[in-house]
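Here is a short note to read alongside the model. Please keep the structure open while going through the points.

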Amino acid sequence: MNDPLDDKARHILREAGLYCTEARVAILKVLLEATSPLRQDQIGSRLESRALNKVTVYRTLDSLTEAGRVHRAYMQNRAWHFELADHCSEKQCHPHFTCTNCGVTRCMTDVSLPMATITQKGYILSRQQVRLEGLCPACA
Ligand SMILES: [Zn+2]
Ligand SMILES: [Zn+2]
Ligand SMILES: [Zn+2]
(Lines give C-alpha, C1' and ligand atoms only; values in the text may rest on other atoms or scores of the structure.)
(Ligands and ions follow the chains in the order given, each with its own letter.)
Protein backbone atom coordinates (compact mmCIF):
# COMPACT_ATOMS: atom_id res chain seq x y z
CA MET A 1 0.00 0.00 0.00
CA ASN A 2 1.28 3.43 -0.92
CA ASP A 3 1.08 5.99 1.86
CA PRO A 4 1.34 9.54 0.46
CA LEU A 5 2.27 10.96 3.88
CA ASP A 6 5.08 8.45 4.14
CA ASP A 7 6.34 9.50 0.70
CA LYS A 8 6.21 13.18 1.67
CA ALA A 9 8.09 12.56 4.92
CA ARG A 10 10.80 10.58 3.10
CA HIS A 11 11.04 13.30 0.46
CA ILE A 12 11.62 15.95 3.16
CA LEU A 13 14.37 13.83 4.71
CA ARG A 14 16.06 13.10 1.38
CA GLU A 15 16.05 16.81 0.54
CA ALA A 16 17.66 17.58 3.88
CA GLY A 17 20.25 14.84 3.38
CA LEU A 18 19.03 12.97 6.45
CA TYR A 19 18.64 9.22 6.80
CA CYS A 20 15.06 7.98 6.79
CA THR A 21 14.86 6.55 10.29
CA GLU A 22 11.56 5.22 11.60
CA ALA A 23 11.37 7.99 14.21
CA ARG A 24 12.02 10.80 11.72
CA VAL A 25 9.45 9.52 9.25
CA ALA A 26 6.86 8.98 12.01
CA ILE A 27 7.31 12.45 13.52
CA LEU A 28 7.24 14.19 10.14
CA LYS A 29 4.01 12.38 9.33
CA VAL A 30 2.44 13.73 12.53
CA LEU A 31 3.58 17.25 11.66
CA LEU A 32 2.36 16.90 8.06
CA GLU A 33 -1.10 16.08 9.33
CA ALA A 34 -1.18 18.73 12.06
CA THR A 35 -3.21 21.89 11.48
CA SER A 36 -1.33 23.91 14.08
CA PRO A 37 2.02 23.64 15.91
CA LEU A 38 2.28 20.82 18.45
CA ARG A 39 4.09 20.32 21.74
CA GLN A 40 6.49 17.42 22.07
CA ASP A 41 4.05 15.44 24.22
CA GLN A 42 1.25 16.04 21.70
CA ILE A 43 3.49 14.71 18.93
CA GLY A 44 4.35 11.69 21.07
CA SER A 45 0.73 10.86 21.74
CA ARG A 46 -0.14 11.05 18.02
CA LEU A 47 2.55 8.60 16.93
CA GLU A 48 1.21 5.33 15.55
CA SER A 49 4.12 3.41 17.01
CA ARG A 50 4.41 3.12 20.77
CA ALA A 51 8.02 2.04 20.32
CA LEU A 52 9.26 5.62 20.27
CA ASN A 53 9.93 6.90 23.76
CA LYS A 54 10.16 10.50 24.96
CA VAL A 55 13.92 10.68 24.57
CA THR A 56 13.73 9.47 20.98
CA VAL A 57 11.01 12.00 20.16
CA TYR A 58 13.06 14.76 21.81
CA ARG A 59 16.26 13.85 19.97
CA THR A 60 14.49 13.40 16.66
CA LEU A 61 12.80 16.79 16.91
CA ASP A 62 16.17 18.25 17.76
CA SER A 63 17.86 16.78 14.69
CA LEU A 64 15.00 17.82 12.40
CA THR A 65 15.11 21.34 13.85
CA GLU A 66 18.86 21.51 13.42
CA ALA A 67 18.45 20.47 9.79
CA GLY A 68 15.96 23.31 9.29
CA ARG A 69 13.07 21.00 8.35
CA VAL A 70 11.16 21.66 11.58
CA HIS A 71 10.78 24.95 13.40
CA ARG A 72 10.20 25.80 17.01
CA ALA A 73 7.22 27.96 16.13
CA TYR A 74 6.63 29.54 19.53
CA MET A 75 6.73 28.90 23.24
CA GLN A 76 3.52 28.78 25.21
CA ASN A 77 3.19 27.79 28.87
CA ARG A 78 6.92 27.09 28.86
CA ALA A 79 6.64 24.48 26.11
CA TRP A 80 7.94 24.78 22.56
CA HIS A 81 5.45 24.14 19.79
CA PHE A 82 6.91 22.47 16.72
CA GLU A 83 5.84 22.62 13.09
CA LEU A 84 7.12 21.86 9.62
CA ALA A 85 9.25 24.65 8.20
CA ASP A 86 7.63 24.47 4.77
CA HIS A 87 5.51 27.61 5.12
CA CYS A 88 8.48 29.71 6.24
CA SER A 89 11.22 31.46 4.41
CA GLU A 90 14.84 31.04 5.39
CA LYS A 91 14.86 34.03 7.73
CA GLN A 92 11.26 34.41 8.67
CA CYS A 93 8.55 32.18 10.10
CA HIS A 94 4.95 32.96 9.29
CA PRO A 95 3.19 34.78 12.16
CA HIS A 96 1.14 32.88 14.74
CA PHE A 97 -2.14 34.26 15.98
CA THR A 98 -3.33 33.39 19.48
CA CYS A 99 -6.90 34.09 20.51
CA THR A 100 -6.91 35.81 23.90
CA ASN A 101 -10.39 34.46 24.61
CA CYS A 102 -10.23 30.72 23.75
CA GLY A 103 -6.45 30.30 23.61
CA VAL A 104 -6.37 28.69 20.18
CA THR A 105 -3.26 29.43 18.12
CA ARG A 106 -3.29 29.38 14.33
CA CYS A 107 -0.61 29.61 11.65
CA MET A 108 -1.06 32.75 9.57
CA THR A 109 0.68 31.45 6.47
CA ASP A 110 -0.80 34.14 4.22
CA VAL A 111 0.53 37.03 6.31
CA SER A 112 4.03 38.27 5.56
CA LEU A 113 5.78 41.09 7.37
CA PRO A 114 8.85 43.11 6.47
CA MET A 115 12.00 41.84 8.11
CA ALA A 116 13.09 43.95 11.09
CA THR A 117 16.27 45.95 10.76
CA ILE A 118 18.46 46.47 13.81
CA THR A 119 20.56 49.59 13.66
CA GLN A 120 22.29 49.04 17.00
CA LYS A 121 25.77 47.63 16.58
CA GLY A 122 26.65 44.07 17.55
CA TYR A 123 23.36 42.33 16.83
CA ILE A 124 23.07 39.62 14.21
CA LEU A 125 19.51 38.87 13.24
CA SER A 126 19.03 35.26 12.21
CA ARG A 127 15.28 34.71 12.30
CA GLN A 128 12.09 36.68 12.75
CA GLN A 129 9.15 35.08 14.52
CA VAL A 130 6.04 37.11 15.20
CA ARG A 131 3.21 36.41 17.63
CA LEU A 132 -0.12 38.08 17.08
CA GLU A 133 -2.90 38.29 19.65
CA GLY A 134 -6.56 39.11 19.39
CA LEU A 135 -9.87 37.38 18.82
CA CYS A 136 -10.35 34.44 16.48
CA PRO A 137 -13.38 34.36 14.14
CA ALA A 138 -15.28 32.10 16.54
CA CYS A 139 -14.81 34.50 19.46
CA ALA A 140 -14.97 37.85 17.66
ZN1 LIG B 1 8.79 28.54 10.79
ZN1 LIG C 1 -11.09 32.28 20.08
ZN1 LIG D 1 2.80 27.95 12.05
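1. The model is a predicted one. Helix H1 covers residues 4-16 and has 13 residues. From its first C-alpha to its last, H1 reaches 19 Å, close to the 18 Å expected at 1.5 Å a residue.

2. Asp-6, Ala-9, Ile-12 and Leu-13 are the buried residues of H1. Viewed down the axis of H1, these residues fall within an arc of 125°, so they line one face of the helix. Pro-4, Arg-14 and Glu-15 are exposed and sit on the face turned away from the buried side of H1.

3. The cover over the buried residues of H1 includes helix H2 (22-33), helix H4 (54-66) and strand E3 (79-84).

4. Look next at the ends of H1. Asp-3 caps the N-terminal end, with a side-chain oxygen 3.0 Å from the backbone nitrogen of Leu-5. Just after H1 comes Gly-17, with a positive phi of about 70°.

5. H4 has 13 residues and spans 18 Å from first C-alpha to last, close to the 18 Å expected. Its buried residues are Val-57, Thr-60, Leu-61, Leu-64 and Thr-65. Seen down the axis of H4, they fall within an arc of 135°, so they line one face of the helix. The face turned away from this buried side carries the exposed residues Arg-59 and Glu-66.

6. What covers the buried residues of H4 includes H1, H2, helix H3 (40-46), strand E2 (70-76) and E3.

7. At the start of H4, a side-chain oxygen of Asn-53 comes to within 3.2 Å of the backbone nitrogen of Val-55. Gly-68 follows H4, and its phi is positive, near 80°.

Terms used:
Residues are numbered from 1 along each chain as its sequence is written. Chains are lettered from A and ligands numbered from 1 in the order in which they are written. Side-chain values use heavy atoms; hydrogens and water are left out. Helices (H or I, at least four residues) and strands (E, at least two) are DSSP runs, numbered from the N terminus. The expected span of a helix is 1.5 Å times one less than its number of residues. Buried means under 20% relative accessible area, exposed over 50%, partly exposed in between (1.4 Å probe, protein chains only). The arc is that of the directions from the helix axis to the C-beta atoms. Contact means heavy atoms within 4.5 Å. A polar contact is a pair of N or O atoms within 3.5 Å; within protein, one must be able to donate a hydrogen and the other to accept it, and residues adjacent in sequence count only if both atoms are side-chain atoms.
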